Each structure stands twice: as structure tokens, then as C-alpha cells.
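Load the model in your viewer and keep the sequence panel open. The tour goes from salt bridges to strands, then to a helix, the core and the whole chain.

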Amino acid sequence: MPVNGQSHIRIARPSRDLAAAERFWAEGLGLSVLWRSAGGETPGEHDLLMLGWPDASWHLELVHDAAAPVKPVPTEEDLLVVYVDEEVPEDLVVRLEEHGGRRVLSPNPYWNEWGITVEDPDGYRLVLSRRGWSNS
């Protein structure tokens, strides 16, 4: 199969705490746990948590290796943007905050005008945009 618009995308990131990340992404945002596995004794093996919506063409992969942890080093521009295509429900933002998120201002005024930015427990930023988007 060629690489094209039907190709599935995996967004992979390290996490300090998979349980905290799961609370934010699953219980806060509403992603489903697609896969979970525990690392073993072999060097390089790690705990793995995959989250996404079952009908989406992407998923988020979070990893943690207790023996050799990789510290997440997100910047203010490491964004995962979800286009809501309507006003962002305030109860969703509250739920994200109750599950470990922290609402922040973006250094880019575009995201402050068109969305709400919430940091996950590892410091990565989720933008809920009230705009819609289509690549076509």
C-alpha cells in the first residue's frame, strides 16, 4: 500500500507517568485505550499505552521505561490540535483540568483566538479549536 491519505498515523511520545497520562487522555478527552502492555526485563522494552478514537486514522502512543526513562521535553509549539468545529464545551475543559490538565495561554495568538490550550501531565499541549478543518 502506498503512503497516502489513508495511511494510519501514530504520534509517539515519552511519558513520566502512564497512569496520569491515561486519566487525561482517556477520562479527560475521551480517547479509548486501544492497547496497553507492560515492558519486560530486556533492555529497550518499555510500558506502552496507545489511545485514540476507534474510527480515527491516527492514535497516540505513550511509552515509559522505568529502567531508562526518557524525560518528555515538549515546547510551546508541540501541539496536538483537535478541530471541534463549534464552540469548545466548557465542561470538556473542566474535565481535562480535573484529570490532570492545566489550561495555558499559547504564545501564538491564533490559538488563543480560535481555541483553548490545555497541557497534559507531561507538558504536551492539546489545542481544542472551535474552527473546522479539511485537507480537501
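A salt bridge here is a side-chain nitrogen of Lys or Arg within 4 Å of a carboxyl oxygen of Asp or Glu. This is a predicted model: local features need pLDDT of at least 70, side-chain atom pairs count only at pLDDT 80 or more, and totals for chains, interfaces and linings use all residues. Residues are numbered from 1 along each chain as its sequence is written, and side-chain values use heavy atoms, with hydrogens and water left out.

**Stop 1: the salt bridges**

How many salt bridges does the rule give? The count is five.

Select Glu 61 and Arg 10. Their side chains form a salt bridge, 2.6 Å from N to O. Glu 61 sits in strand β4 and Arg 10 in strand β1 (residues 9-14), 51 residues apart, so the pair links distant parts of the chain. Strands (E, at least two residues) and helices (H or I, at least four) are DSSP runs, numbered from the N terminus.

Now colour by accessibility. Buried means under 20% relative accessible area, exposed over 50%, and partly exposed in between, with a 1.4 Å probe and protein chains only. Glu 61 counts as buried at 10% relative accessibility. Arg 10, at 49%, counts as partly exposed.

Next, select Arg 102, Glu 119 and Arg 125. Arg 102 and Glu 119 meet in a salt bridge of 2.8 Å, N to O. Arg 102 lies in strand β6 (residues 102-104) and Glu 119 in strand β7, so this pair ties together parts 17 residues apart in sequence. Arg 125 also bridges to Glu 119, at 3.3 Å, N to O. Shared partners join Arg 102, Glu 119 and Arg 125 into one network. Is Glu 119 buried or exposed? Glu 119 is buried, with a relative accessible area of 14%. Arg 125 counts as buried too, at 6% relative accessibility.

**Stop 2: strand β4**

Select β4, residues 58-64. Seven of its seven residues are buried, so β4 is largely enclosed by the rest of the structure.

Two strands pair if DSSP finds at least two bridges between them. β1 runs parallel to β4, joined by six bridges. On that side, Pro 14 stands opposite Val 63. β3 pairs with β4 in the antiparallel sense over five bridges. Here Leu 48 stands opposite Val 63.

**Stop 3: helix α1**

Select α1, residues 18-29. Among the buried ones are Glu 22, Phe 24, Trp 25 and Gly 28.

Zoom in on the start of α1. A side-chain oxygen of Asp 17 reaches to within 3.1 Å of the backbone nitrogen of Ala 19. Then go to the other end. Gly 30 follows the helix, with a positive phi near 105°.

**Stop 4: the core**

Show side chains. A nonpolar core is a set of buried Ala, Val, Leu, Ile, Met, Phe, Trp, Tyr and Cys residues joined through side-chain atoms within 4.5 Å. The largest one has 22 residues. Those with the most contacts inside it are Trp 25, Leu 29, Leu 51, Leu 62, Leu 96, Leu 126 and Leu 128. Elements that each supply at least two core residues include α1, β3 (47-52), β4 and α2 (90-98). Which element gives the largest share? It is α1, with six residues.

Centre on Leu 51. Contact means heavy atoms within 4.5 Å. Leaving aside neighbours within four places in sequence, Leu 51 touches residues including Trp 25, Leu 31, Val 33, Leu 60 and Leu 62.

**Stop 5: the whole chain**

Zoom out. The chain has three helices and eight strands. Their order along the sequence is β-α-β-β-β-β-α-β-α-β-β. The C-alpha atoms fill a box of roughly 45 × 40 × 25 Å, taken along the principal axes. Of the 136 residues, 39% count as buried. Among contacts with a separation of 6 or more, 56% come from residues 24 or more positions apart.

Conventions:
A polar contact is a pair of N or O atoms within 3.5 Å; within protein, one must be able to donate a hydrogen and the other to accept it, and residues adjacent in sequence count only if both atoms are side-chain atoms.
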